[in-house]
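Please walk through this protein with the structure open beside the text. The account begins with the whole chain and then turns to single residues.

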Amino acid sequence: MEHIIAGSLRQVCYKSDWFYEGLHGFRLGYSCESPVITVCQDIADSLDEGVGRDVSITDFSKAFDLVPHDRLFKNLAASGVDSRLVVWVRELLVGRIQRVRVGGQLSKEVKIASGVPQGNVLGPILFLVYVNDIRRNIDRNIRLFADDYIIHWGLSQINTT
C-alpha cells in the first residue's frame, strides 16, 4: 500500500512541478552530489562577477522524527493530492506507538506525537512534502539533501585592488 501511496504522491508532485528545485534528496534525477555541485557553481559564478558569498552548512539531527504532523498534512493538502490520500496518511501517522525490547524485557508503550517513519517507502516522500515550503521562509539560496542544508547568499562587491 505504501508503494501505491508514494507513487501517487510523486506523480502529483512531479506532474505539477510542485517540489522546490532546491530539494535534491529522494528525487529522481538528483543525488547527494547535486546540491554540492549546484552550490559550487553558484559560488564560482559569484566570484566571476566579483561578489563574495557566505555559506552555512547544517545537518539537522532527528529531522525525520521532529516533523510536526499538522504542518505535514497542510503541505500535503496544498500539493494537490486527493483528499482521501491525505486522510490515509493521517491515519497512518496519528496515534502510532512504539516500545523497545532489551533482552527479554519490553518497555512501556510511548505515543509518537511527531515525525515520519524512516526506513520505509513513504517516509522520504513525506519528509520532502514537509520541507518543500522552506523556500518561502528563507530569503537565501538553499539546497537540501534529506536533513542536510546548504544556505548561501551574496555579499558586497569584492575589492580586487
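The radius of gyration is taken here over C-alpha atoms, and the rule for a globule is 2.2 Å times the number of residues to the power 0.38. The model is a predicted one. For 161 residues, a compact globule would have a radius of gyration near 15 Å, whereas the protein chain has 19 Å. The C-alpha trace spans about 70 × 40 × 25 Å along its principal axes.

What are the elements of the chain, and in what order do they run? The protein chain holds five helices and seven strands. Read from the N terminus on, they follow the order α-α-β-α-α-β-β-β-β-α-β-β.

Some totals describe the chain as a whole. Of its 161 residues, 36% count as buried. The chain exposes about 9900 Å², and 53% of that is supplied by carbon and sulfur atoms. Among contacts with a separation of 6 or more, 68% are accounted for by residues 24 or more positions apart. As for charge, there are 18 positive and 19 negative side chains, and the centres of these two sets lie 10 Å apart.

Now to helix α5, which covers residues 122-131. Is this helix mostly covered or mostly open? It is mostly covered, with nine of its ten residues buried. The buried residues of α5 are L122, G123, P124, I125, L126, F127, L128, V129 and V131.

F127 also takes part in an aromatic pair. A search of the whole structure finds one such pair. Its members are F64 and F127, whose ring centres are 4.2 Å apart and whose planes meet at 10°, so the pair is stacked. The cut-off behind this step is that planes under 30 degrees apart count as stacked. The pair links distant parts of the chain: F64 sits in the loop between β1 (51-59) and α3 (69-78), F127 sits in helix α5, and the two are 63 residues apart. F64 and F127 are both buried.

Helix α3 comes next, with two residues to look at. One of them is L72, found in helix α3. L72 has a relative accessible area of 0%, so L72 is buried. Along the sequence L72 and F127 are 55 residues apart, but in space their C-alpha atoms are 8.1 Å apart. Not counting residues up to four places away in sequence, L72 touches V67, L93, V116, L126, V129 and Y130. Of these, L126 and V129 are also listed among the buried residues of α5.

The other residue in helix α3 is H69. Is H69 buried or exposed? H69 counts as buried because its relative accessibility is 7%, and the limit for buried is under 20%. With residues up to four places away in sequence set aside, H69 touches L93, V94, R96, I112, A113, S114 and G115.

At 1% relative accessibility, L144 counts as buried. Leaving aside neighbours within four places in sequence, L144 is in contact with Y20, G22, L23, H24, G25, V131, I134 and Y149. V131 is one of the buried residues of α5. L144 and L128 are 16 residues apart along the chain, and their C-alpha atoms are separated by 9.7 Å.

G22, one of the contacts of L144, lies in the loop between α1 (2-15) and α2. G22 is buried, with a relative accessible area of 0%. Which residues does G22 touch, not counting residues up to four places away in sequence? They are I142, R143 and L144. By contrast, G22 and I5 are 17 residues apart in sequence, and their C-alpha atoms are 23 Å apart in space.

The last stop is S46, which lies in helix α2 (residues 34-48). S46 has a relative accessibility of 6%, so S46 counts as buried. Apart from residues up to four places away in sequence, S46 touches V51 and R53.

Key:
Residues numbered from 1 in each chain as written. Predicted model: local features only at pLDDT ≥ 70, side-chain atom pairs only at ≥ 80, totals over all residues. Heavy atoms only, no water. Helix = DSSP H or I, 4+ residues; strand = E, 2+ residues; numbered from the N terminus. Buried < 20%, exposed > 50% of the residue type's maximum accessible area, 1.4 Å probe, protein only. Contact = heavy atoms within 4.5 Å. Phe/Tyr/Trp six-rings, centres within 6.5 Å; stacked < 30°, edge-to-face > 60°. Areas by Shrake-Rupley, 256 points an atom, 1.4 Å probe, with all protein chains shown as cover. Lys, Arg positive; Asp, Glu negative; His and termini not counted. Charge placed at Lys NZ, Arg CZ, Asp CG, Glu CD.
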